[in-house]
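Let's walk through this model together, one region at a time. Have the coordinates open as you read.

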Amino acid sequence: MVDRLANSEANSKRIGVVEACFGTAGQPLAIPGRVLIGEGVLTKLCRKRPKARQFFLFNDILVYGNIVIQKKKYNKQHIIPLESVTIDTVEDEGDLRNGWLIKTPTKSFAVYAATATEKSEWMSHISKCVSDLLEKSGKSPTGEHAAVWVPDSEATVCMRCQKMKFTPVNRRHHCRKCGFVVCGPCSEKKFLLPSQSSKPVRVCEFCYKQLSTGGTLPSRSDSYSRSEFSSNNISDDDDDDDSSD
């Protein structure tokens, strides 16, 4: 099916429409063999709050962006190679339903569909595309992925020292290794995480010690449970904000 569509006029036109919607600020998307599998609006859990984003699934990449005018104009294009993607379902909780995690070595985040059927279709198509790519390349699935950030709103105090209360003066920061919301004193160190950046990035004191000594970091469950901290809802950096912290 995908091979048949790869060089079809209909597929070329669909990809051209997507490129036009992102305009000159977006990257060219039309390359030989690339097929647009599907598209739709998903709610992405960002650092500040959940936000609607337009997603496009191709047979080799996942593209998403901010919605300026629905079906006409998008900006802040993000392109994720599917070879590096792993996905995990997220249990329904409160208003956050029909979700799953999109995890890569450089960035990980949660998205939510409007219905359970839509979630199932997205996950099925993504899994099939990833499987086909890995089969063709002979590569193994990605073992390491970036931490998914706990949203700012879910931590009123530092998740490491559990003492420092966040205020306009005492700002929230995120550890790039574990994704916890931490205070300044608990995240003064930086460490090189090559999969995320060519420069050292902010990490909490706990992760810094483990990374510096080569110790094993305990895995953090990538699932939602409001009982573990004030909440363990998880997200990545907000697309609209400076993610330097």
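A disulfide here requires a pair of cysteine sulfur atoms within 2.5 Å. Cys-161 itself is partly exposed, at 28% relative accessible area; that class lies between buried (under 20%) and exposed (over 50%), using a 1.4 Å probe and protein chains only. Cys-175 is buried, however, with 0% relative accessibility. By the distance rule, the model has 0 disulfides.

Before going further, please keep in mind that this is a predicted model, in which local features need pLDDT of at least 70 and side-chain atom pairs count only at pLDDT 80 or more, while totals for chains, interfaces and linings use all residues. Residues are numbered from 1 along each chain as its sequence is written, and side-chain values use heavy atoms, with hydrogens and water left out.

Now turn to helix α3, residues 116-137. Helices (H or I, at least four residues) and strands (E, at least two) are DSSP runs, numbered from the N terminus. The 22 residues of α3 reach 32 Å from first C-alpha to last, close to the expected 32 Å, a span defined as 1.5 Å times one less than the number of residues. Which residues of α3 are buried? They are Lys-119, Trp-122, Met-123, Ile-126, Cys-129, Val-130, Leu-133 and Leu-134. These residues cover an arc of only 135° around the axis, so they sit on the same side of α3; the arc is taken from the directions from the helix axis to the C-beta atoms. The buried residues pack against β1 (36-45), β2 (50-58), β3 (61-69), β5 (86-90) and β6 (99-103), where contact means heavy atoms within 4.5 Å. On the other side of α3, Thr-117, Glu-135 and Lys-136 are exposed.

Both ends of the helix deserve a look. In the loop between β7 (108-112) and α3 you will find Ala-114, exposed at 64% relative accessibility. Ala-114 and Arg-97 are 17 residues apart in sequence, with their C-alpha atoms 8.0 Å apart in space. Just after α3, Gly-138 adopts a positive phi of about 80°.

Finally, visit Gln-54 in strand β2, buried at 2% relative accessibility. Residues that Gln-54 touches include Glu-39, Val-63 and Tyr-74.

Definitions and conventions. Lists of a residue's contacts leave out its neighbours within four places in sequence.
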